[in-house]
Amino acid sequence: MFAKRFVQWAENVLPGSLLALMTVLVIIDVLCRYILNVSFAGSAEVATALFVWLVFLGSAGAVRKLQHIGIEGFSVFIPKAGKPWLHLAMSGAIFLVSLHMVRIGYNLSMNSWDREIDMVGVPYFYVYIAIPISFALIAIHSLAQVIDILRNWQEAECVRLKNYTDPEV
């Protein structure tokens, strides 16, 4: 239960906090550079690293809530009996691609210990590790969606909308 709440917090609160921190960092750097003629070494690199984490954690949260980009035009032409198969194929494909990206991201992050971020001296590992962590979360969410589709097969075309979208939609 704690792990589930922590993951939800990491996907909901952390990207917003990273965006705020990144914005403040850039504003302070710009103000200091153009008003005080003083520049902070590495602030742009740190802001870029924060942006990478923001994007990857935000994408995991979007997959959990089914707010990622989807093309619904194709599903209009599929009969009701085929929609569970379509949703199952989409969630399964996301799961398989995510597992592959976990492996690639892990290899990338492990091979980046010897490269350091200029002006900061921090290994790129801390930036690249966002890839396998986020795609592991995406794989977990898409697997949960596959299980949800299989449990509710008869109403699978609306389970995704009913369980994961905002009430206003």
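Tyr126 is partly exposed, its relative accessible area being 43% (buried is under 20%, exposed over 50%, partly exposed in between; 1.4 Å probe, protein chains only). The structure is a predicted model, in which local features require pLDDT of at least 70 and side-chain atom pairs pLDDT 80 or more, whereas totals for chains, interfaces and linings use all residues. Residues are numbered from 1 along each chain as its sequence is written, and side-chain values use heavy atoms, with hydrogens and water left out.

Five aromatic pairs are present in the structure (rings of Phe, Tyr and Trp, the last by its six-membered ring, with centres within 6.5 Å; planes under 30 degrees apart are stacked, over 60 edge-to-face, the rest tilted). One of them joins Trp113 to Tyr126 in an edge-to-face arrangement, with 5.6 Å from centre to centre and 80 degrees between the planes. This pair links distant parts of the chain, 13 residues apart: Trp113 belongs to the loop between α4 (83–110) and α5 (125–128), and Tyr126 to helix α5 (helices are DSSP runs of H or I with at least four residues, numbered from the N terminus). Together with Phe125, Trp113 and Tyr126 make up one aromatic cluster. At Tyr124, the charged end of Arg115 sits over the ring, 4.4 Å from its centre (CZ of Arg within 6 Å of the ring centre and within 35 degrees of the ring normal).

Most residues other than glycine have a negative phi. Asn37, however, has a positive phi, near 55 degrees; this residue lies in the loop between α1 (2–35) and α2 (43–64) and is exposed, with a relative accessible area of 69%. Met119, also not a glycine, has a positive phi of about 70 degrees. Its place is in the loop between α4 and α5, where Met119 is exposed at 62% relative accessibility.

Beyond its neighbours within four places in sequence, Phe135 is in contact (heavy atoms within 4.5 Å) with Phe56, Ser98, Met101 and Val102.

Key: Helix = DSSP H or I, 4+ residues; strand = E, 2+ residues; numbered from the N terminus.
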